[in-house]
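Thank you all for making the time this morning. I would like to walk through a few local features of one model, and I will give the cut-offs as the terms come up.

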Amino acid sequence: MATGQLFSRTTQALFYNYKQLPIQRMLDFDFLCGRETPSVAGIINPGSEGFQKLFFGQEEIAIPVHTTIEAACAAHPTADVFINFASFRSAAASSMAALKQPTIRVVAIIAEGVPESDTKQLIAYARANNKVVIGPATVGGIQAGAFKIGDTAGTIDNIIHCKLYRPGSVGFVSKSGGMSNELYNTVARVTDGIYEGIAIGGDVFPGSTLSDHVLRFNNIPQVKMMVVLGELGGRDEYSLVEALKQGKVNKPVVAWVSGTCARLFKSEVQFGHAGAKSGGEMESAQAKNQALREAGAVVPTSYEAFESAIKETFEKLVEEGKIEPVKEVKPPQIPEDLNTAIKSGKVRAPTHIISTISDDRGEEPRYAGVPMSSIVEQGYGVGDVISLLWFKRSLPRYCTQFIEICIMLCADHGPCVSGAHNTIVTARAGKDLVSSLVSGLLTIGPRFGGAIDDAARYFKDAYDKGLSPYEFVESMKKKGIRVPGIGHRIKRGDNRDKRVELLQKFARTHFPSVKYMEYAVQVETYTLSKANNLVLNVDGAIGSLFLDLLAGSGMFTKQEIDEIVEIGYLNGLFVLARSIGLIGHTFDQKRLKQPLYRHPWEDVLYTK
């Protein structure tokens, strides 16, 4: 594997299985380092295509999303690093697919617990084809000032603290990703910083070994010394011992193998990683440290002395003139995300939407402050939910029951009314439920359904002004306006609408006052004297009775009542109710498998 450095300031990667935070951290690192192009060229998210919006410094960018690895590699031929965030179940297959792409040179496998047999196949393929696998069970790697993989080195604050935004002189390799972050900090304190750092991963069979990367660092001119952190378990460190003995490494190596405490336990101990398992004597931390020391590495007597050993080695190289410490530079300020800045109290931003009726931010949704669990446990009905979401208060039971009766009575009026007709025609044209429903709803207006609001407005205005039925009807006639809520195509004075009678009966039984309804009845008496079909219809009954509900409940101010009538709440009842019937007509036509509707010629008057 030897060769030289894996990454540069122009390296770009393909990111498998979209994860917003690690990608954004990569892009923030790019900006910190002064890169001209983002290090993430594309995202592979099986089953989805398009773009993901992220930030490159102050600029918002769109990173392409591809369905397959092959498509992403074809679209981004210069991206030669594959960062795999797939689960341990699918990481091997997707990694192998990436390795087989001619454009991919390095594959980093983040998942822990990838089956060992699969890992061995990946390693064999990579070595046979001169490619590099980092992981499994790795956080990745970093070339300071140039490129980093995923969550390597943690937060931007940690990266700045560890001076990883510019290259240093130290090559670092470890099995542990978490300990890598600690050592980046240590190295930054006592040297001029990291040039490149790799966490090979803690599984039993890493895709690349400690010695692989030490030998590679040995070929990188900018790397003047190496720091290696091993751990008990396995025999990977012995390949480094052999390389040192054979003189393949001509730069100082400061090494420590953690896990010396394992001897304090009477039985075999499993530490954090799958590969960190106390076994035979050769796999102990003590044996490995001794072997590395004898091979020529600088090995301290304890982990606590590791920092001093690194410092002394670095200072010696400086004295010898082999290292000219890197001059410090000030990195640019990474713009803070708005949400983070708001939470920290650094900025305040105006909201774009106001909601006073519902809130879904807590453990459960709330309607007008009432938790969903209470709504279910206390047996709330549809009327109660409407009262909360429309009126922002819990109305008395008779009010919510009246609302439910209105919905039931207005749910449908047969297949011939315009809304149902349009719905049926649309459904028979093969359209979906929403299209069919909307087709019917769009016919609701002043001549179909919208009369409820107008009836309430005009009845209220006339009653509140003290107009007699005669004065009201005649004034409307002078204006050329038909009285909303009065008149029916079929019903007559001697054949009243049963729905109107049911509403009136309920209201007279339960409402404290029905003054608006009684006024509407008086108007009906006058209009019937003019024509037998000018009866109070269901729109007029609902409109007048809703005024009585609002006024009689004692829960609304006069201003609130005026606002409710003006906004159009009452027509909302008709829209809600009629949606039930229109959905039913859609299902009915689909169930009957009705063909495309064509209006009969004989029902059309063709004229010139």
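This is a predicted model: local features need pLDDT of at least 70, side-chain atom pairs count only at pLDDT 80 or more; totals for chains, interfaces and linings use all residues.

Residues are numbered from 1 along each chain as its sequence is written, and side-chain values use heavy atoms, with hydrogens and water left out.

Let me begin with the sheet, where helices (H or I, at least four residues) and strands (E, at least two) are DSSP runs numbered from the N terminus, and where two strands pair if DSSP finds at least two bridges between them. Three strands make up an open sheet, ordered E14-E15-E16, with antiparallel pairing. Strand E14 (358–359) and strand E16 (370–371) are at the edges, each having a single partner strand, so one side of each lacks a neighbour in the sheet. Two bridges join E14 to strand E15 (residues 366–367) in the antiparallel sense, and Ser 358 is placed opposite Tyr 367 in E15.

Turning to the helices, H3 (residues 91–99) packs against H4 (residues 116–128) at an angle of about 10 degrees, and their axes are 10 Å apart. Those axes are lines fitted to C-alpha atoms, for helices over the stretch in contact, with angles running from 0 to 180 degrees between N-to-C directions. Angles under 35 degrees count as roughly parallel, over 145 as roughly antiparallel, 65 to 115 as roughly perpendicular and the rest as oblique, and H3 and H4 are therefore roughly parallel to each other. On the H3 side, Ala 92, Ser 95, Met 96 and Leu 99 meet Asp 118, Gln 121, Leu 122, Tyr 125 and Ala 126 of H4, where contact means heavy atoms within 4.5 Å.

Now, is Ser 211 buried or exposed? Ser 211, found in helix H7 (residues 210–218), has 5% relative accessibility and counts as buried, with buried meaning under 20% relative accessible area, exposed over 50%, and partly exposed in between (1.4 Å probe, protein chains only). Leaving aside neighbours within four places in sequence, Ser 211 is in contact with Ser 239 and Leu 240.

Finally, Ser 435 lies in helix H16 (residues 433–441) and, at 23% relative accessibility, counts as partly exposed. Its C-alpha atom is separated by 39 Å from that of Asp 337, 98 residues apart along the chain.
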